[in-house]
Amino acid sequence: MNKVKKIPKYMVLSLFAILIIFPIYMVIIGSFKTEKELYNNVFGLPSMLNMDNYREAFFGGGLNKYFVNSIVVTGVSIVMILLLASMAAFALTRSRIKGSKMIYLLFIIGIAIPPQVAIIQLALQMTNMHLNNSLLGLIFTYVAYELPFSIFIFYGFMQEIPHEIQEAAMIDGCSNFQMYRRVIMPLSKGPVATVMIFNLVAIWNDMIFPLVLISDDALKTLPIGLLRFKGMYISKNTVMFAGVIIISIPLVVLYLCLQKQFIRGISQGAVKG
Amino acid sequence: MEEMDKRINKRRFNTTYLFLIAPLAIYTVFFVMPNVNSLIFSFYKWDGIAPAKVFVGFDNYIKMANDPVFWKAILNTVKYTVTLVVFQTLIGLLLAVLIFKTSKIHNFFRTLYFLPSVLSAVTVGLIWGFIYDPNMGALNKFLEAIGLENLTHSWLSDEKIVIYALAFVHVWVGVGQSVVLFVAGLQNIPYELYESARIDGAGPWKQFTRVTMPMLRSTTLIVLVLTTIGGFKCFDYVFVMTGGGATHSSEVLSTFLYKEAYAYSEFGYSAAISVTLLIIVSIITVVQMRLLRKKT
C-alpha cells in the first residue's frame, strides 16, 4: 500500500529531475559530436568520443588564456575579501570604537544594491583611473562589491564570540593584531568557508563586470570569453558545448564533493540584493 | 580594574582603526563612488565624448516617463518577475514538501535540483539559447518527436512568448534555491503539530493548509521577496540569449540602461534608468524588512 502511494511522488520528483538533467546531458554528449551529428541526432549518444571540440575550444577559442585569467582574478579576489572582510568585522565587533554602527550600516547597505545601478559609472571611473582593461581593476571591483555580504557573515559570527575570551587574552598582553590572528580567526572557520564558497561561485561565474571593464581579448575571464563563442562559432554549437563543460567542471566537481557547504554558502548569499 | 579597562581601551582604540582603513578605502572608491555618481549623473546630459556634461535637472526622468521603450521595459520586467515568482515559489514548495524529510534519495534529488545554481549565467544562457533554437534546438525537436508539431515556436523571436521563455530559464536555475529554503522551513515545524492535527481528524490536505502553510509564512515571504528582487534585477540570461531583442521585444530595465549607455551614448539617461531600478529594488527591500519584522 505504502509503496503504491509513493509512485506519484517519485513521478513528480523524477519529472523535475529530468528537466534539470536533460539540458546538461545534451551538452555533455553534444560536446563529443560533430556538428552534423548534432543536427541529425540531438538526443542520441555520439558515434565516438572525439575530443576535437575540446581542443578547438581550449586552444582555438582561447579558453586556455581565459582560464588563467579567471583563476588569477578569482583567487586573488577571494584572498583579499577574506582578509579585509574579517578585519573589518573584527574591528567593528570586538572593540567599541566611535561610529562603528554607522560604518557597519554603510557596508551592509551595499548588500541590497544591484551591480547594474553603477556599472556604467564604474566603467567610466575605471577609465579615468587607468584601471580599465586590467585584472587589477577587476579584482578591486570584486573586493568592493563582495565586501558587504562577506562582512555581514563575519560580523554575525564574531558578535557571538564571548567577550571573556578577548578579555583574558588582553590581560595576557595580547595586542589587537595578535587577538585577530591568534584568537578570533582560528574560531572563525565556519564563516571563512561560507564567504569563500559564496565568492568562488559568484566571481568565477560573473559576467557583468568583465563585460564593462575588459575589452582586451587577452585579459578576458571565462564567462565573457565563452560569450565570444556565440558570434565566433555561429554554426559550431559543439565547440560551444565543449567550452560550457570546460568552464563548468571545476565548480560542479567541487559542488558534488562539498554539497552541504555549497548549498549553505549560496543560499545564504541569495539574500544578497 | 577601571584603570586597566581604560588602558586596554586606549590601546585598542589606536590600532582598531588600522583594520578598517583598507576595507573602507576600497569600498568607498569602487562601490560608493560609482553609485553616488550614478545618482548625480542622472541629472546631467553627456554623450561620452563632449568635454563637459550639462546639467539638465529632471529632464532625463521626464524623457523616461515619455519613452515608450522605457514602459515596454517595465512591462517586460514585470512579466518576467511575475513568471519567476509564481513558478519558482510553487514548484519550490511542491518539491520541498516531497523531499524535506532527510533520507539518501531525498538528498540526491535536492543536490540535483540545486545543481544549476553553480553554473555561470553565460553557460546557462548558451545552453538554453540552443534548446530554444527554432531549427536545431532540442525543444522543437522534442515536440516534433512526440507529435506536437503545432506547438513548435521560434521561442526567442516570437514577441509574445520570448519574455516568458527567458523567465523560465531563470526558474530552471532558481528552483533549487527555493527548495533549499522551503526544506529548511519545513524541518523547523514541530512534529507534534501534525500529530495533534491528525488526532483532531485532519487529513493530509487540511494538515497542509492548517499547519504547514501558516508555519511556513516567513519562509514563503523570504522566497517571494528574493525572487521578486531577482526578477527586477534580471540581466544575464536576457543579455546572453536575446540582448533585449531587435524591437525591444524582450527589453528589461537592465538591458535597456546598458544599451542607452553603450549603444546610444546617452549616459545621463542611462543613469536615470539605473536610479529608477535602484528605487524599485529599495522599495521591495524595505517592504520585506517591514513584513518580516511584523512577523517576529
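User: In chain A, what share of the contacts with a separation of 6 or more comes from residues 24 or more positions apart?
Analyst: This is a predicted model. Take the contacts in chain A with a separation of 6 or more. Of these, the share from residues 24 or more positions apart is 78%.

User: How many helices and how many strands does chain A have?
Analyst: Read along the sequence, the pattern of chain A is α-α-α-α-α-α-α-α-α-α-α-α-α-α. The count for chain A is zero strands and 14 helices.

User: How far apart are the C-alpha centres of the two domains of chain A?
Analyst: Chain A is divided into domain 1, residues 2-52, and domain 2, residues 63-269. The distance between their C-alpha centres is 34 Å.

User: Which element gives the most to the side of domain 1 of chain A that touches domain 2 of chain A?
Analyst: Eight residues of domain 1 of chain A are in contact with eight residues of domain 2 of chain A. On the domain 1 side, the elements that give two or more residues are α1 and α2 (35-40) of chain A. By class, that side has three nonpolar, three polar and two charged residues. The top contributor, with three residues, is α1(A).

User: Which helix of chain A gives the most to the side that touches chain B?
Analyst: Contact between the chains involves 66 residues of chain A and 65 residues of chain B. By class, the chain A side has 51 nonpolar, 13 polar and two charged residues. Ten residues of that side come from the top contributor, helix α1 (residues 2-30) of chain A.

User: What ipTM does the predictor give the complex?
Analyst: For chain B, the mean pLDDT is 90, and 94% of its residues reach 70 or more. The complex has a pTM of 0.92. Its ipTM is 0.92.

User: Which residues are in contact with L166(B), leaving aside its neighbours within four places in sequence?
Analyst: L166(B) is one of the residues with the most contacts inside the largest nonpolar core. With neighbours within four places in sequence left aside, its contacts are Y80(B), Y237(B), V238(B), M241(B), T242(B) and S250(B).

User: Is V117(A) buried or exposed?
Analyst: V117(A) is found in the loop between α5 (100-112) and α6 (119-128) of chain A. The cut-off for burial is 20 or more other C-beta atoms within 10 Å. V117(A) has 26 C-beta neighbours inside 10 Å, so V117(A) counts as buried.

User: Which residues are in contact with V117(A), leaving aside its neighbours within four places in sequence?
Analyst: M87(A) is 30 residues away along the chain, and its C-alpha atom is separated from that of V117(A) by 27 Å. Leaving aside neighbours within four places in sequence, the contacts of V117(A) are N35(B), S38(B), S274(B), L277(B) and L278(B).

Conventions: Residues are numbered from 1 along each chain as its sequence is written. Chains are lettered from A and ligands numbered from 1 in the order in which they are written. This is a predicted model: local features need pLDDT of at least 70, side-chain atom pairs count only at pLDDT 80 or more; totals for chains, interfaces and linings use all residues. Two residues are in contact if their C-beta atoms, placed from the backbone, lie within 7 Å. Helices (H or I, at least four residues) and strands (E, at least two) are DSSP runs, numbered from the N terminus. Ala, Val, Leu, Ile, Met, Phe, Trp, Tyr, Cys and Pro count as nonpolar, Asp, Glu, Lys and Arg as charged, and the others, Gly among them, as polar. A nonpolar core is a set of buried Ala, Val, Leu, Ile, Met, Phe, Trp, Tyr and Cys residues joined through C-beta atoms within 7 Å. A residue is buried if 20 or more other C-beta atoms lie within 10 Å of its own, exposed if 12 or fewer, and partly exposed in between; C-beta atoms are placed from the backbone. Domain bounds come from an automatic or database domain assignment. pLDDT is the predictor's confidence in each residue, from 0 to 100.
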